[in-house]
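Q: I have not read a protein model before. Could you take me through one, feature by feature?

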Amino acid sequence: MTDEPGASWVPDACTLPTPDRPLRLAEFDRLFRDAVHDVDRRSARHLRLRLDTTAEPALRDLIARESACCSFFTFALARPDGDALTLDIRVPAAHVDVLDALTERAAPAPRP
(Lines give C-alpha, C1' and ligand atoms only; values in the text may rest on other atoms or scores of the structure.)
Protein backbone atom coordinates (compact mmCIF):
# COMPACT_ATOMS: atom_id res chain seq x y z
CA MET A 1 0.00 0.00 0.00
CA THR A 2 1.08 3.55 -0.58
CA ASP A 3 1.23 6.27 2.05
CA GLU A 4 -0.12 9.12 -0.06
CA PRO A 5 -2.75 11.22 1.72
CA GLY A 6 -6.31 9.96 1.27
CA ALA A 7 -5.24 6.93 -0.74
CA SER A 8 -3.50 4.62 1.71
CA TRP A 9 -5.63 1.82 0.28
CA VAL A 10 -4.01 2.06 -3.18
CA PRO A 11 -2.12 -1.23 -3.51
CA ASP A 12 1.49 -1.55 -4.58
CA ALA A 13 0.17 -3.52 -7.57
CA CYS A 14 -1.11 -0.24 -9.05
CA THR A 15 1.22 0.88 -11.83
CA LEU A 16 -0.25 4.38 -12.17
CA PRO A 17 2.55 6.86 -11.51
CA THR A 18 2.29 8.21 -7.97
CA PRO A 19 1.83 11.86 -9.04
CA ASP A 20 -1.20 10.84 -11.15
CA ARG A 21 -2.99 8.95 -8.36
CA PRO A 22 -4.69 11.96 -6.71
CA LEU A 23 -6.05 12.98 -10.12
CA ARG A 24 -7.46 9.50 -10.74
CA LEU A 25 -8.96 9.42 -7.27
CA ALA A 26 -10.60 12.79 -7.97
CA GLU A 27 -12.07 11.36 -11.20
CA PHE A 28 -13.61 8.47 -9.29
CA ASP A 29 -14.92 10.82 -6.60
CA ARG A 30 -16.50 13.08 -9.24
CA LEU A 31 -18.11 10.08 -10.95
CA PHE A 32 -19.39 8.73 -7.66
CA ARG A 33 -20.77 12.12 -6.60
CA ASP A 34 -22.44 12.90 -9.93
CA ALA A 35 -23.63 9.55 -11.23
CA VAL A 36 -24.03 6.84 -8.56
CA HIS A 37 -27.63 6.11 -7.58
CA ASP A 38 -27.09 2.92 -5.59
CA VAL A 39 -24.22 0.95 -4.07
CA ASP A 40 -24.73 -2.78 -3.58
CA ARG A 41 -21.95 -4.78 -1.95
CA ARG A 42 -22.90 -8.20 -3.26
CA SER A 43 -20.01 -10.03 -1.58
CA ALA A 44 -16.60 -9.29 -0.10
CA ARG A 45 -15.11 -9.40 -3.60
CA HIS A 46 -18.00 -7.93 -5.64
CA LEU A 47 -19.48 -4.43 -5.75
CA ARG A 48 -22.33 -3.33 -8.01
CA LEU A 49 -23.02 0.31 -8.72
CA ARG A 50 -26.17 1.62 -10.37
CA LEU A 51 -25.37 4.81 -12.24
CA ASP A 52 -26.92 7.54 -14.33
CA THR A 53 -26.83 6.45 -17.98
CA THR A 54 -25.35 9.80 -19.04
CA ALA A 55 -22.13 8.78 -17.27
CA GLU A 56 -21.49 5.89 -19.65
CA PRO A 57 -18.91 7.50 -21.99
CA ALA A 58 -16.82 8.91 -19.13
CA LEU A 59 -17.18 5.68 -17.19
CA ARG A 60 -16.00 3.55 -20.11
CA ASP A 61 -12.94 5.76 -20.46
CA LEU A 62 -12.18 5.70 -16.73
CA ILE A 63 -12.51 1.93 -16.31
CA ALA A 64 -10.34 1.32 -19.39
CA ARG A 65 -7.58 3.46 -17.91
CA GLU A 66 -8.01 1.92 -14.45
CA SER A 67 -7.83 -1.60 -15.90
CA ALA A 68 -4.52 -0.68 -17.53
CA CYS A 69 -2.85 0.28 -14.25
CA CYS A 70 -4.65 -1.97 -11.75
CA SER A 71 -5.06 -5.24 -13.60
CA PHE A 72 -6.48 -6.99 -10.53
CA PHE A 73 -9.83 -5.20 -11.09
CA THR A 74 -12.52 -6.83 -13.21
CA PHE A 75 -15.08 -4.34 -14.48
CA ALA A 76 -18.34 -5.27 -16.21
CA LEU A 77 -20.54 -2.46 -17.50
CA ALA A 78 -24.10 -3.35 -18.49
CA ARG A 79 -27.42 -1.81 -19.44
CA PRO A 80 -29.97 -4.24 -18.00
CA ASP A 81 -32.68 -2.02 -19.48
CA GLY A 82 -32.77 1.31 -21.28
CA ASP A 83 -32.98 3.35 -18.10
CA ALA A 84 -30.27 1.67 -16.06
CA LEU A 85 -26.51 1.40 -16.13
CA THR A 86 -24.71 -0.98 -13.81
CA LEU A 87 -21.04 -1.42 -13.10
CA ASP A 88 -19.89 -4.63 -11.46
CA ILE A 89 -16.45 -4.42 -9.89
CA ARG A 90 -14.70 -7.57 -8.75
CA VAL A 91 -11.33 -8.09 -7.08
CA PRO A 92 -9.34 -11.11 -5.95
CA ALA A 93 -9.29 -11.90 -2.23
CA ALA A 94 -5.91 -10.19 -1.83
CA HIS A 95 -7.48 -6.84 -2.78
CA VAL A 96 -10.71 -6.84 -0.77
CA ASP A 97 -9.40 -3.83 1.17
CA VAL A 98 -9.28 -1.86 -2.08
CA LEU A 99 -12.90 -2.75 -2.81
CA ASP A 100 -13.80 -1.80 0.78
CA ALA A 101 -12.33 1.66 0.24
CA LEU A 102 -13.98 2.03 -3.17
CA THR A 103 -17.34 1.03 -1.67
CA GLU A 104 -16.97 3.63 1.05
CA ARG A 105 -16.07 6.35 -1.47
CA ALA A 106 -18.97 5.40 -3.77
CA ALA A 107 -21.66 5.53 -1.09
CA PRO A 108 -23.92 8.50 -1.78
CA ALA A 109 -23.46 11.36 0.66
CA PRO A 110 -26.35 11.85 3.07
CA ARG A 111 -28.72 14.53 1.87
CA PRO A 112 -29.59 17.38 4.26
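The dialogue below goes from the overall layout to helices, the core and single residues.

Q: What should I know about the model and its numbering?
A: This is a predicted model, in which local features need pLDDT of at least 70 and side-chain atom pairs count only at pLDDT 80 or more, while totals for chains, interfaces and linings use all residues. Residues are numbered from 1 along each chain as its sequence is written, and side-chain values use heavy atoms, with hydrogens and water left out.

Q: How many helices and strands does the protein chain have, and in what order do the elements run?
A: Helices (H or I, at least four residues) and strands (E, at least two) are DSSP runs, numbered from the N terminus. Here the protein chain has 3 helices and 4 strands. Starting at the N terminus, their order is α-β-β-α-β-β-α.

Q: What share of the residues counts as buried?
A: Buried means under 20% relative accessible area, exposed over 50%, and partly exposed in between, with a 1.4 Å probe and protein chains only. Of the 112 residues in the protein chain, 42% count as buried.

Q: What part of the contacts joins residues 24 or more positions apart?
A: A contact means heavy atoms within 4.5 Å. Among contacts in the protein chain with a separation of 6 or more, 53% are between residues 24 or more positions apart.

Q: How do I check the span of helix α1?
A: The expected span of a helix is 1.5 Å times one less than its number of residues. Helix α1 covers residues 21-35, and its 15 residues should therefore span 21 Å; the end C-alpha atoms are 21 Å apart, which agrees.

Q: Which residues of α1 are buried, and which are exposed?
A: The buried ones are R21, R24, L25, F28, L31, F32 and A35. They lie on the same side of α1, because they cover an arc of only 130 degrees around the axis; the arc is that of the directions from the helix axis to the C-beta atoms. L23, R33 and D34 are exposed on the other side of α1. The cover over the buried residues of α1 includes β1 (36-43), β2 (46-51), α2 (56-69) and α3 (96-106).

Q: Where does E66 sit, and is E66 buried or exposed?
A: E66 is in helix α2. E66 counts as buried because its relative accessibility is 7%. Not counting residues up to four places away in sequence, E66 touches R24, F28, F73 and F75.

Q: Which residues of α3 are buried, and what do they pack against?
A: In α3, the buried residues are V96, V98, L99, A101, L102, T103 and A106. They pack against α1, β1, β2 and β4.

Q: How do the axes of α1 and α3 cross?
A: Axes are lines fitted to C-alpha atoms, for helices over the stretch in contact, and angles run from 0 to 180 degrees between N-to-C directions. The axes of α1 and α3 come within 9 Å and cross at roughly 45 degrees. That makes α1 oblique to α3, since angles under 35 degrees count as roughly parallel, over 145 as roughly antiparallel, 65 to 115 as roughly perpendicular and the rest as oblique. L25, D29 and F32 in α1 meet L102, R105 and A106 in α3.

Q: How many residues are in the largest nonpolar core?
A: A nonpolar core is a set of buried Ala, Val, Leu, Ile, Met, Phe, Trp, Tyr and Cys residues joined through side-chain atoms within 4.5 Å. The largest one has 27 residues, and L49, L51, L59, F73, L87 and I89 have the most contacts inside it. Two or more residues of this core come from each of α1, β2, α2, β3, β4 and α3. Leaving out residues up to four places away in sequence, L49 touches F32, V36, D38, V39, L85, T86, L87, I89 and A106.

Q: Is A55 buried or exposed?
A: A55 is in the loop between β2 and α2. A55 is buried because its relative accessible area is 10%. Apart from neighbours within four places in sequence, A55 is in contact with L31 and A35.
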